[in-house]
Amino acid sequence: MAAGEAFTATQTERIQRALAQAQSETGLRFYLTVGPFSSQSGYKAEAQRLLGVLIADHHGGHDPGVVLVAVDPGNKVLEIATSPVARERIGDHEVGLVVLSMTSSFTVGDLVGGIVNGLRMLADSTGAERAALTA
């Protein structure tokens with residue numbers, strides 16, 4: 001999918017289903033942004049800024065465990081940002097593996113499949129034991 005193209009209704013439904021399933025299975029709040037985002041302060045810093053806005057605007061500043069997946073297909077950038085609560089359940093190693101898998105899918109032109117599988121991997125990486133510890 002080229003930058004600027006919209007997702008089809010079927011693709012949007014697949015992504016929404018994957019987001020809902022990840023949230024349901026983990027209790028974490030998953031957000032996805034696809035499209036260009038400012039890189040004035042760097043992509044990682046911008047993803048962290050967006051994560052902070054999500055926590056402030058959607059959760060009143062309380063961190064329920066938030067994961068942001070930011071994809072900029074035009075610039076071939078992927079950032080996954082986790083709030084402190086989410087980071088207790090999804091470590092940097094797991095995020096790195098998810099990024100590797102997603103970028104592999106993106107490289108062969110499968111943006112939607114990469115996103116859907118990445119969300120599933122993030123949910124799976126929380127582990128049942130970790131979920132029980134935070135419940």
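What pattern does the chain follow when read along the sequence? The chain follows the pattern α-β-α-β-β-α-α-α-α, and its secondary structure comes to 6 helices and 3 strands, where helices (H or I, at least four residues) and strands (E, at least two) are DSSP runs numbered from the N terminus. The model is a predicted one, in which local features need pLDDT of at least 70 and side-chain atom pairs count only at pLDDT 80 or more, while totals for chains, interfaces and linings use all residues. Residues are numbered from 1 along each chain as its sequence is written, and side-chain values use heavy atoms, with hydrogens and water left out.

Of the 135 residues of the chain, 39% count as buried; buried means under 20% relative accessible area, exposed over 50% and partly exposed in between, with a 1.4 Å probe and protein chains only. Contact means heavy atoms within 4.5 Å, and among contacts between residues at least 6 apart in sequence, 62% join residues at least 24 apart.

**The sheet**

The 3 strands form an open sheet in the order β1-β2-β3, with mixed pairing, two strands being paired if DSSP finds at least two bridges between them. Because β1 and β3 stand at the edges with a single partner strand each, one side of each is left without a neighbour in the sheet. From one strand to the next, the twist averages 10°. The two pairings are set out below.

| Strands | Sense | Bridges | A bridge pair |
|---|---|---|---|
| β1 and β2 | parallel | 6 bridges | F30 and V67 |
| β2 and β3 | antiparallel | 6 bridges | A70 and E79 |

V67 has a bridge partner in β3 as well, namely T82. In the hairpin of β2 and β3, which has 4 residues between the strands, K76 takes a positive phi near 55°.

In a regular strand the side chains alternate between the two faces of the sheet. In β2 both faces are covered, with V66, L68, A70 and D72 buried on one side and V67, V69 and V71 buried on the other, and 7 of the 7 residues of this strand are buried.

**The helices around the sheet**

Helix α2 (residues 43-59) has 17 residues, which at 1.5 Å a residue should span 24 Å, and this agrees with the 23 Å between its end C-alpha atoms; the expected span is 1.5 Å times one less than the number of residues. Within α2, E46, A47, L51, L54, I55 and H59 are buried, and the buried residues of this helix pack against β1 (29-34), β2 (66-72) and β3 (77-82). After α2 comes G60, whose phi is positive, near 60°.

S83 counts as buried because its relative accessibility is 0%.Helix α5 lies across β1, β2 and β3 and runs at about 160° to β1, where axes are lines fitted to C-alpha atoms, for helices over the stretch in contact, and angles run from 0 to 180 degrees between N-to-C directions. Two packed helices are described by the angle between their axes and the distance between the axes. For α1 and α5, the angle is about 5° and the axes are 9 Å apart, which means that α1 is roughly parallel to α5, a term for angles under 35 degrees, with those over 145 counting as roughly antiparallel, 65 to 115 as roughly perpendicular and the rest as oblique. At this contact, residues of α1 including I15, A18, L19 and A22 meet residues of α5 including I115, V116, L119 and A123.

**The nonpolar cores**

A nonpolar core is a set of buried Ala, Val, Leu, Ile, Met, Phe, Trp, Tyr and Cys residues joined through side-chain atoms within 4.5 Å. The largest such core has 23 residues, of which F30, V67, V69, I80, M102, L119 and L122 touch the most other members. The elements that give two or more residues to this core are α1 (9-26), β2, β3, α4 (92-107) and α5 (111-125), and α5 gives the most, with 7 residues. I80 touches V67, L68, V69, V95, V98, V99, M102 and L122, not counting residues up to four places away in sequence. A second, separate core of 8 residues includes L54, V66, L68 and A81.
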